[in-house]
Amino acid sequence: MTDQGPLLIRGGKVVNDDRIFDADVFVDKGIIQAVGPDLAVPEGAFVIDAAGKYVMPGGIDTHTHMQLPFMGTAAIDDFYWGTRAALAGGTTMIIDFVLPQRGESLLDAYSKWRNWADEKVCCDYGFHVGVTWWSEQVKQEMAELVKDKGVNSFKMFMAYKDTWQLLDEDLLKAFTQCKAIGALAQVHAENGDVIKEMGNRMLAAGITGPEGHALCRPEEVEAEATNRACVLANQVGCPLYIVHVMSRAAADVVSAKRRQGHVVYGEPVAAGLGTDGTHYWSTCWRHAAAHVMGPPLRPDPSTPAYLMDMLANNDLQCTGTDNCTFTSEQKALGKGDFTKIPNGVNGVEDRMSIIWERGVCSGKMDPRRFVAVTSTSAAKIFNIYPRKGVIAVGSDADLIVWNGETSRVISASTHHQRCDFNVFEGQTVRGVAEWVVSRGRVCVRQGQVEAVRAAGRFVPTPGYSPEVYLRVQQRDKTRTPHAVDRSES
Ligand SMILES: NC(=O)NCCC(=O)O
Ligand SMILES: [Zn+2]
């Protein structure tokens, strides 16, 4: 169930992260077979007219949580609805998180997630795995996941005290192991101890609504954790990827550390680029609660534009969504106590349009950088380039025909996700995926979604990504400390 026969995409402007050129693209058997001007129409090929449109690599969403069991419920967009929505917006691969419970085998959790995903995914997917507790078994299973299971990234939480949070000692052990096995360490950079303490203070002061969520996790707390993670990872020479960079202060830390020579990457998410935390002060509880995610959207309304500038200029590298959606009914679990509002928002469907509108149409980035931050950088960092993230002969036929001029109004009443709220509600965005092809299969046809359950495949992400590790390995050769030779004295 991969392709639907040969496909010729004719007359478009092909955009890769390094150049834009006029070319036709011929696809067969799920693979890009030819890229060039005036390709002949092969016998039986279906022809898509891309004149006046961009032909780009399908998006890669680096951060999703489909059907995540979380905070007493489970994310409403499962691997079917979530990947269908991804395709609707031009994303052809997601990288989701396997998140074991404390004490649970990482391998068991991985198998569980694989079973959930394999029977539902409409597009290709990969996995990061959470290191939510520490033991010798966890250490060994991390190695096995890299060696045999196609996982090259592990996420550690510095938040969610008493459930997923690792203390610094274990964080350091996890970083050390990531380095030893050629994996990329990721962190959710917050301070669970501060959040718990400040949350209790808010509740005691009678602040029980969603604004309490933002008030107990100020920007400097995210920046502190980001800095701490960078310092710890750097001490053991481990490359680091900060998931969902949500604040100006945290983005500044990532940028500064990169300039100091740290191998660190920063990932803003669609919600952080497309809206802000002023919504937590809405007098409508449902509206405010719908925006609750961790780290929170920031009340400073200049944040989205600032993060977009950082992304445009490579202070931050690639984009995810942290798509983890709950209905209003699910969010209501936290009525009367904001600490119980399930954390998470939408984004998987709208990420590409939000970045096109606010990044490209604003003049901050050109279409090549758009391709880099929505697809190619992720493919390189997670070591699936050039299979993914580029339009080139031999690559998977994951591509989109993108109309950069057409606009649409984002709304929960028209989106393809199962949640009943959209944090971008009412925003007019240019950039529409008119055709979406996933490994040769047309999944969006002139704007109409034709996604197929279980048509997607797991894509292994091999260890020792050259993008990440070539520098690290060279440093290890040249920067090994030596004892002073005192044999003469
Ligand atoms: N981010 C969020 O609010 N929900 C998903 C779990 C996590 O990544 O923290
Ligand atoms: Zn997340």
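Which residue in the turn between β17 and β18 has a positive phi? I looked: Gln446, at about 45°, in a hairpin with two residues between the strands.

**Ground rules.** I am working on a predicted model, where local features need pLDDT of at least 70, side-chain atom pairs count only at pLDDT 80 or more, and totals for chains, interfaces and linings use all residues. Residues are numbered from 1 along each chain as its sequence is written, while chains are lettered from A and ligands numbered from 1 in the order in which they are written.

I took helices (H or I, at least four residues) and strands (E, at least two) as DSSP runs numbered from the N terminus, and called two strands paired if DSSP finds at least two bridges between them. β17 and β18 pair antiparallel over two bridges, and Val444 has Val449 in β18 as its bridge partner. β16 and β17 are antiparallel too, over three bridges, with Ser438 opposite Arg441. In that hairpin, Arg439 has a positive phi near 40°.

**Helix α1.** Next I checked α1 (79–88): ten of its ten residues are buried (20 or more other C-beta atoms within 10 Å of the residue's own, C-beta placed from the backbone). Among them are Trp81 and Arg84. I then asked what covers these residues, and the list includes β6, β9, α2, β16, β17 and β18 (contact: C-beta atoms, placed from the backbone, within 7 Å). After α1 comes Gly90, with a positive phi near 100°.

**The sheet.** I traced an open sheet of seven strands with parallel pairing, in the order β6-β9-β10-β11-β12-β13-β14. Its edge strands are β6 (59–64) and β14 (264–266), each pairing on one side only. Neighbouring strands are turned by 25° on average, direction ignored (axes are lines fitted to C-alpha atoms, for helices over the stretch in contact; angles run from 0 to 180 degrees between N-to-C directions). β6 and β9 share four bridges, and Asp61 partners Ile94 in β9. Helix α2 lies across β9 and β10, at about 155° to β10. Helix α7 packs on the sheet as well, touching β12, β13 and β14, at about 170° to β13.

**Ligand 1.** I listed its surroundings (C-beta, placed from the backbone, within 6 Å): His65, His188, Met293, Gly294, Asp322, Cys324, Asn343 and Gly344. I sorted this shell into two nonpolar, five polar and one charged (Ala, Val, Leu, Ile, Met, Phe, Trp, Tyr, Cys and Pro are nonpolar; Asp, Glu, Lys and Arg charged; the others, Gly among them, polar).

Methods: Contact = placed C-beta atoms within 7 Å. Buried ≥ 20, exposed ≤ 12 C-beta atoms within 10 Å, placed from the backbone.
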